[in-house]
Structure formats: structure tokens, C-alpha cells
Amino acid sequence: MAGQSTYVPKTGFTRWLDARLPILRFIDDTITSYPTPKNLNFWYTFGGILAFMLGVQIVTGIVLAMHYVPSSDFAFQSVEQRIMREVNYGWLIRYIHSNGASMFFLAVYIHIFRGLYYGSYKAPREVIWLLGVLIYILMMATAFFGYVLPWGQMSFWGATVITSLFSALDQIIPHLGSAITTWLWGDFAVGDATLNRFFSLHYLVPFIIAGVVVLHIWALHVPGNNNPLGIDLKGPQDKVPFHPYYTVKDAFYLSLFVLVYAGIVFYAPNFFGNPDNYIQANPLVTPTDIVPEWYLLPFYAMLRSVPQKLIGVLVLVGSLVTLVFVPWLDTSKTRSCRFRPVMKQLFWIFAADCVLLGYVGSQTADAAWHLGDMELPLVWLAQLGTLYYFAFFWLLMPFVGWFERPRPVPESIAQPVLAKEGAL
Amino acid sequence: MDQGVKTGTTAAEPTRRDFLYIATGAAATVGAVFAAWPFIDQMNPSSAVLAMASIEVSLAGIQPGQQVVFKWRGHPLFVRRRTPKEIAQARAVPLSELIDPLADNANLSDSAPATDANRAIKPEWLVVVGVCTHLGCTPTVSTPQNPQGDYGGWLCHCHGSQYDVAGRVRKGPAPKNLAVPVYSFTGPMKIKVG
């Protein structure tokens, strides 16, 4: 990968294998001796955690598929009765899988915000970021398909609302949007055909994600990791081999992460769930409040902040498409926010903005805050939050990079450490 | 390789090889499109779904002021027997106040205006698809005993759209009036929908 291979086969067998299938060389180059900046902190352990979560979801998912029935007549029973009550440890595997989605998104959000803070999307790492955005969007698609499968009220109506987003195209070309929704549903409404194809796709897309993850890591291994200082590696004094330094560090924080995960699975398995999804899907009755899973709430708030259908859908799509342009919107030469006094503040406001949008998305469409006699409709907050979301990327990122005066960055990773110890 | 023809920048006569390249490429492209179509079209409603596309509904027993919900093509179908007061209320609305000025009535032309008369075949019977034109939720009916929203028709709880007693959208984000499906009276108290 970065630099020459340092692998030396030691036994007769490994020399023989290396000349035929250099798989041990590949493992050594990409994992064992892969040179890594020596200052990676806690926030860099989430890449490994995400790989673990993908594995957990695939293994538990394959098992659940052995007991699940993708049919609008039997899906709900096959989950709530067969898997939850009859299959040995079905309840455990199902709760690992359903809460796994939440833990997966928790980890991916930390991973994305870490990348934003330390400028990991900047040259020469743009392609890593782009592949990451693709993985994130595929993850949202997978989670959406998966949420439909238990065929509860939220499953059904969530599927209806999200697929109906395409009907906004009717406002551009009449009947086009409706033709697309009918095509997606395989019916005139979400129904049996829809459930079957969502099951098929829910099984497929995680393997596509695994493929894109391979590309993501491949692209990472060409320039090597960014680091909290956001500077390039200068020499061997800046690097450590990935194993054992980061295998152990990743494993340690993975254990803590799994501890939290297990705590939720065993003690609060329905913490992230919605009680309405324990009612079987009913096409004739919409629940009074349709709420998506927590990890989609900020986007839902942005969709609802616009009282016009087509523009609302465009805002939703735009909020994701915006991420594609991040590497080119940031004009600053300094990567890490540690040395960017203005961007650092704006970053934390952005993080708070996403939480605020998430909160607003979890409330009803007509909710309001009462401050004394004043009534503050939450939709105003959503509009303000949406404005900041787009302004952060399209205005602040380019302009702040232009006028901000970054603090001086260290010469190398080793330099500030050695200087502190009096070695230089 | 026929080196002599390919070398140099001068435009040579098209060769047999050029012809074969283009012909093969064109055939492959057309073939790919034809091969893709069955895989795209299999997603559309199957013949079993299409066979269930129309229903007969008896209106007997529906009281004035009452709405009954039927299931049609997987969607709720609202059949509302309107009171004379409600009809008068719907007729009093000027077209200029409407968000969607078109009737959205599958029994009329696409350009028919959204007058109350264009929304129902018989004024007493309003038949609409109970799918909010925003993102597909089922709106809640408004009655004098249990009013929903400000227009006496329906309120959609998902994103707050409101409809009047003719099923016309009066407050966004829904862009269009509740759709009137193709239907006809097959008897004084019987309709065929679809």
C-alpha cells in the first residue's frame, strides 16, 4: 500500500504460498505492518467498530432470515410470535439486530463528525470521503428496508411516507411520480409485493456495503490515515505499525462499545423502538404521529420544515447530496479544527444543530415551545436549523477557509512530543 | 491487424472492421435494453393485483354526515354522505381561495376546475381516495362533534395538511386535492369504483 511491501516469508510453506497467492503478504501489508500515525486518538477507533457492526448485522440478519416469512399475512406473526417467542434465542438475535442498527448509526455518526472535525475529507483523501458518503446512503436504504419487515404500523406507514417522496416528481412531470411509486410498490399501495422486494433488497444491500467498505479501506491505505493534527507523516518517528498498537486500541474501545450495546440489548431493548410497531400494519389507519427511527430524524425535520411538497423533498435530497461536495467546499489549507479557531466554533454549532433538528423531527408537526406568553412553533426552529445546515456547507466552509487565520501547525507529529520531553 | 489503414491522421475509408465494431456495439446496446426491460417491468403491479383493481360498494346504511371507509387498491376509499349544510359550505368557496384549482376528478378532463360540482357525481355523495397527496398518510375525518382542522373536511396528522368538505386541499404541505377515482352509479345506492 503506502510504500514498499516489507513482508518477508519465513518458512518454506509461506515462501511457496507467497509465490502463488500472496495473501499473507496482503494481510501483513494492510493490517500487521501497515504504517499508522502514532497520535490517533479514541475517535479513530470507530472505523474498526463499524466493521464489527457490519459483521454483527450480517450474521444476525442471515439467522433471522431463516425464520422470517416475507408475506403481508404472516410477517408480523413470524417476527413477534415465532422469532420473539418460539425460536430458541430468537428474541436475543432479533434484539441484537434491531438495536444493532441504532449502534451502527451511532458509530457512523461519530465517525463522520470525526472526519469533519479533523478535515479527513481533504486532499488527498477526497475519494475516501466520497465512498463514505455512499456507504452512509446505502446504510440508510438498508435500515429503511429492514424497518419495514416486521410489518407493524410504523413499518407500513414509514414505507408509505418514504416511497411517496417520489410522487413529488408529479409536480415536475405529471403522472411520472405516481408511475414510479406504483413501480416501487408493485401495487397501488404498499402491500405484499412491496414487502417481498424490500426483504430481497434488505438481504442484498449489506453485501454491496461490504464491497464499498473494501474500496473505502483501499482508498484509505493509499495516502494512509489522517490524524488529529491533520499534518502529513514526516518519517519513521511519526509512525507505528497498525499491529499491535491499533489492533489493541481498537479492541479495547470496541469492548467498551459492546458493553453499552449489550446493556441496551439486555436491559432496554425497546429504548430506540416505537410502540406503534407492535401493532400489525393496517392500511386503513395511519398512526397519529409518524416518527422515523432516531438516526433519520434530522432529515425528517428538514423535510417538514418546508410547507411545500416538492421543495421539501428537494431539501431532503439536497441535504445528502451536499455531503458529496464537502472536500471541495472547504477552502482552508489546514486540515484539523485544532488549528482553526473559527471553524472549530462553527463545527460545534453544526453538531448542536443536527441534535436540535433531530429533536424537532421527533416532535409532532404542530408542536410549539411556550415561553411565558410567547408561543414558538418548532417548525421555526426546524427552518432555522435547516438554514444553518446548508449555510454551514455552502457559505461558511468556503468563506471561513478564505479569511480565517489558522494557528501554526507543528512540523511533524514527533516534534511537539519530543520538544516537551526536552529531546530537541 | 491491418496496420496500413489505421496509421496516420488522414481520414481513411471506413473499413470492414469499423463497420463490425459499430454494428456489434449497436446490437449489444439494443440487446441490453431489451434484456433489461423484463427485469424492470416485473416490478410493476402483477396481473393478480390488477384483477383486484375495481370494486362494487353499497351505499345503503350510510347516514347523512357520516363517512364510511372501504379498501380499494390497498388504499382507504372515503365515501362521505354530505349534509345540505356541508354542500352549501363547499359551494360557497371561491376558486381563488384554493391551493389546487383543478378538480383532480378521474371522471372529468384533467383541466376541469375544482368547483364542488366537479368533485362529486351526485352532490350528496363525495367519493375520494383517502390518501393525503403529500406523503400518503390517511387523513382523519372532521365531524361537527369532533372537528379536525379549520375547514370541516379532513386533517392529516402526519404533516398537518387540511382538506375541506369537498376534499380540496386548503392548507399545505399537500399540493393537490384528494383524488376522485373513476366511479359510476350502478344503482341508486350502489357504485362501482375503478
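**Rings, charges and a buried helix**

In this predicted model, A:Arg114 lies over the face of A:Tyr44, 4.2 Å away from the ring centre.

Counting over all chains, the structure holds 42 aromatic pairs. One of them is A:Tyr203 with A:Phe207, a stacked pair with 6.2 Å from centre to centre and 15° between the planes. Both residues belong to helix α9 of chain A (residues 192-221), where they are four residues apart, or about one turn of the helix. As for how open they are, A:Tyr203 is partly exposed at a relative accessible area of 35%, and A:Phe207 is likewise partly exposed, at 41%.

Then there is helix α11 of chain A, which covers residues 297-304. Eight of its eight residues are buried, so the helix is largely enclosed by the rest of the structure. The buried residues are A:Leu297, A:Pro298, A:Phe299, A:Tyr300, A:Ala301, A:Met302, A:Leu303 and A:Arg304. What do they pack against? Their partners in chain A are α5 (90-117), α6 (126-148), α12 (309-324), α14 (341-362) and α15 (378-403).

How values were computed: Residues are numbered from 1 along each chain as its sequence is written. Chains are lettered from A and ligands numbered from 1 in the order in which they are written. This is a predicted model: local features need pLDDT of at least 70, side-chain atom pairs count only at pLDDT 80 or more; totals for chains, interfaces and linings use all residues. Side-chain values use heavy atoms; hydrogens and water are left out. Rings of Phe, Tyr and Trp (its six-membered ring) pair if their centres lie within 6.5 Å; planes under 30 degrees apart count as stacked, over 60 as edge-to-face and the rest as tilted. Helices (H or I, at least four residues) and strands (E, at least two) are DSSP runs, numbered from the N terminus. Buried means under 20% relative accessible area, exposed over 50%, partly exposed in between (1.4 Å probe, protein chains only). A charge sits over a ring if NZ of Lys or CZ of Arg is within 6 Å of the ring centre and within 35 degrees of the ring normal. Contact means heavy atoms within 4.5 Å.
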